[in-house]
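Here are my notes on the aromatic contacts. Please read them with the model open.

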Amino acid sequence: MNRLGGPLLTAYLRQATPHDFSGIQKIIDQAKQLLKADGIDQWQDGYPDDTVLHHDLEQKRGFVLITDDQIAGYGVLFEELEPAYEAIKEGAWVQTGVPYVSIHRIALSSDFRGRHLSSVLMDHLISAAALKGYTDLRIDTHPENPRMQHVIKQAGFEYRGVVYLDMPNGKRLAYQRMLTRR
């Protein structure tokens, strides 16, 4: 039994492969449907589409959370400079001028919702970023997405300001988590 009284689940993170594409695509589509049902316009314009997901796999930046031998979640560690992040408004990053990693496209399979696996996925992505040597982690989310805001804050990220993505309705709340290096 886990700490919530449910069955113990083994969950681990691994790099996504082209073989995982259909499972990732399904999870992203389910996330789009959930956002639409919640009245949130995030991911309602086609993004992220198949081209973006294939590019994630080609660039080896996509990761899948495996639970009960199934793909339960998806996330991306983006290790490139984010132009929108460089132009943060209404706040500032704690640290600038050092490499950072951005976390994107967090999504959980509807088959696993309610099991608190979004927190597990975030924890594993943070660990993967730390193993790559990053101490500055950044993430953004839609201002009307309270679910993701909760997951982000629960993972230890702190609000830093607003960034504007190059898309319609591109305003996003920006968060940062600094890891200690010893």
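1. Terms and basis. Buried means under 20% relative accessible area, exposed means over 50%, and partly exposed lies in between (1.4 Å probe, protein chains only). This is a predicted model: local features need pLDDT of at least 70, side-chain atom pairs count only at pLDDT 80 or more, and totals for chains, interfaces and linings use all residues. Residues are numbered from 1 along each chain as its sequence is written, and side-chain values use heavy atoms, with hydrogens and water left out.

2. Tilted pair. The structure holds three aromatic pairs. Rings of Phe, Tyr and Trp (its six-membered ring) pair if their centres lie within 6.5 Å; planes under 30 degrees apart are stacked, over 60 edge-to-face, and the rest tilted. Tyr-85 and Trp-93 make a tilted pair, 5.4 Å centre to centre with 45 degrees between the planes. Trp-93 is buried at 8% relative accessible area. Tyr-85 is buried too, at 1%.

3. Tyr-159 lies in strand 6 (residues 158-164) and Tyr-175 in strand 7 (residues 171-178), so the pair ties together parts 16 residues apart in sequence. Strands (E, at least two residues) are DSSP runs, numbered from the N terminus. Tyr-175 is buried at 2%, whereas Tyr-159 is partly exposed at 40%.

4. Cluster and charge. Ring pairs link Tyr-85, Trp-93 and Tyr-100 into a cluster. A charge sits over a ring if NZ of Lys or CZ of Arg is within 6 Å of the ring centre and within 35 degrees of the ring normal. The charged end of Arg-138 sits over the Trp-93 ring, 4.3 Å from its centre. Arg-138 also lies over the face of Tyr-100, at 3.8 Å from the ring centre.

How values were computed
Helices (H or I, at least four residues) and strands (E, at least two) are DSSP runs, numbered from the N terminus.
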